[in-house]
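Dear colleague,

Please find the structure below, handed over for your own work.

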Protein chains: 2
Amino acid sequence: MARDIRIALVGFGNVGRRFAEKLRGPYARVLREHGLHARVTGIATAHHGIAVDTRGIELGRALRLVAGGPHRTRNGLEGANRPLDRLHHGRPLADVRAFIARVPADVLIEVTTLDPRSGRPAIDYVRQALGRGLHVITSNKGPVAFALGPLRRLAARKKTLLLHEGAVMDGTPVFNLGARVLSFRGTLNSTSNLVLSRMEEGTTASAALRLAQRLGIAEADPRHDLDGWDAAVKGCALANALMGAAVRPQQVRRTGMAHVTALEARRALRAGTRLRLVVRGERKDGRVRVRVAPERIPFGDPLAGSGPDAALVFETDLMGEIGVLERGASLDQTAYALVSDLLRIARER
Amino acid sequence: MARDIRIALVGFGNVGRRFAEKLRGPYARVLREHGLHARVTGIATAHHGIAVDTRGIELGRALRLVAGGPHRTRNGLEGANRPLDRLHHGRPLADVRAFIARVPADVLIEVTTLDPRSGRPAIDYVRQALGRGLHVITSNKGPVAFALGPLRRLAARKKTLLLHEGAVMDGTPVFNLGARVLSFRGTLNSTSNLVLSRMEEGTTASAALRLAQRLGIAEADPRHDLDGWDAAVKGCALANALMGAAVRPQQVRRTGMAHVTALEARRALRAGTRLRLVVRGERKDGRVRVRVAPERIPFGDPLAGSGPDAALVFETDLMGEIGVLERGASLDQTAYALVSDLLRIARER
């Protein structure tokens, strides 16, 4: 007998759609192997409408409906004909907050796009869902970097789980090591990894950045990649989740890579090193500090990979140093992280 | 209220002793944090005697007793005064098999030294313990490489767990990924990694091997490192545990590195590559094949690290390619793998 899990999706952009696509095929198989049957009972978006259906939303139809984008009605009113609304059953819901308050679900999966400077609105959605007693899975680094402490305390009070394996390195198991993390260092921003790799080969920074945008790995605003903000947010997420810290991205000592020249990158390479934008988390005088800066990494070090791949090395109390690499970061990996968190909820509850 | 877990240790060499040392301090803390209290109710060895004590063996005393090695009595009879026997309570036990048959325990931890060509006696001990209905944790790659299929079926029939996280890469979480593994490639033998790294710098193979022996990372018989046998055994362990294969080390197409010269290693380096002994597992025509051979790895690839560190890259069905690195392999990591398996038993049972 499969256990039934009711899922409410908040956000239906790239990650949410990939999750929904695969939930009909391979993810259903994985969940079934663990005795689970997942049913999406609601999808809420800011611009594509809101749908709730207790029997389970037909995901193929939802995907087809949003593929066209938000509709405009003849009299020009967007919203009057938002595509997902057509799948809705029951009283209309005014907005995402009303959805979170009422959707019949066991787990809320939060995959909205967020403001990288504030982590909103993801944090508010997560807080509201935990407050209602739902388990929450988020693929956003925002809640973990900006508000993990209060959200974890809320979850503990409500006896629910808050999981976020997809928030850093897209589901590579970094939040689930077991051992205590003493420090970490990583090249976590794919865009700067790729741009610096290309600059070593003589490409200009701007041409390399255009490539990263073409490949779809740059942030919506690539300044967040190059000025180290994305790395700082990820560093805070790791420090807060794994080292018991409460560091906010604003507190990170941050030097970006916007001023690194191709000449410097090539010079580093000739000296047997690679210039990479490194984020470090370390405990000093009892406090955890996170910093981001370009560093010269010797060949052979796990952080000296070429291309966009992210690398992370942990120094742990009981397992020594271990490294995790993510090759060819993709939507598939982020979407799968949601499944791995679902399995964990089923295991622990 | 802590749950009590009774542990029987078979083998009390380096790994077993490190586990016992740390079980008094940091491991007890980790287990306590998960609501567990571990008590070692028995230790069995081939040469240092056998002890059973239902109330829990005093580990500090056991460690001090074996530190001196097997005693010789005045009339020259070894065995009559085997040190652990002094901690034994109850009817004497003739040998390890009698111990496994009678020790009061929930989990048997198997950490004997084994014959790398046959995987024995570890396999027999694991089989006997599973047959008795005990959960089994082994840090030996032997049972996983040579006999995983039958042992798993036995465990399933007896409704017990067989765990082996320490068998490859010393507890770095490789057997616990979640996703399905389509193929893997790794530099899993620390000795050949170190020897090849040193040869790149101009050291001769024999001087580099002496270093590996001095550092304690070479196998008891270092031919098993250089001829690729150790890598083949680890490759089979991975293929059998993660790809549902039933490959035995004898079936591995294996080219060792004993004939690689320092000149070749340096030549590879000048060409922007590193010569490494690589083990690959791949599915071809429906069958899983494992092979071991020296390969040229381009800089920037996760397998191109320098020094003894092991690296492993998995191609998975749902998470893309992910890599795991172990830096500074140590006894601590192998011993901690036993704890992480204990936690898993507690979680699943």
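At 33% relative accessibility, A:Arg117 is classed as partly exposed, where buried means under 20% relative accessible area, exposed over 50% and partly exposed in between (1.4 Å probe, protein chains only). The model is predicted, so local features need pLDDT of at least 70 and side-chain atom pairs count only at pLDDT 80 or more, while totals for chains, interfaces and linings use all residues. Residues are numbered from 1 along each chain as its sequence is written, chains are lettered from A and ligands numbered from 1 in the order in which they are written, and side-chain values use heavy atoms, with hydrogens and water left out.

Salt bridges

Over all chains, the structure holds 43 salt bridges, each defined as a side-chain nitrogen of Lys or Arg within 4 Å of a carboxyl oxygen of Asp or Glu. A:Arg117 takes part in one of them with A:Asp227, at 3.0 Å from N to O. This pair links distant parts of the chain, 110 residues apart: A:Asp227 is in the loop between helix H9 (223-226) and helix H10 (229-242) of chain A, and A:Arg117 is in the loop between strand S4 (107-110) and helix H5 (122-131) of chain A. Helices (H or I, at least four residues) and strands (E, at least two) are DSSP runs, numbered from the N terminus. A:Asp227 is partly exposed, at a relative accessible area of 22%.

In chain B, the closest N and O atoms of B:Arg276 and B:Glu200 are 2.9 Å apart in a salt bridge. B:Arg276 belongs to strand S9 (residues 273-284) of chain B and B:Glu200 to helix H7 (residues 190-200) of chain B, so the pair ties together parts 76 residues apart in sequence. B:Arg276 is buried, with a relative accessible area of 1%, and B:Glu200 is buried at 7% relative accessibility.

A network of salt bridges links A:Arg280, A:Glu282, A:Arg291 and A:Glu295.

Helix H2 of chain A

Which residues of helix H2 (residues 26-33) of chain A are buried? They are A:Tyr27, A:Val30 and A:Leu31. Seen down the axis of H2(A), these buried residues fall within an arc of 95 degrees (taken from the directions from the helix axis to the C-beta atoms), so they line one face of the helix. They pack against helix H1 (14-23), strand S2 (36-44) and helix H12 (331-348) of chain A, contact meaning heavy atoms within 4.5 Å. A:Gly35, which follows H2(A), has a positive phi near 75 degrees.

Yours sincerely
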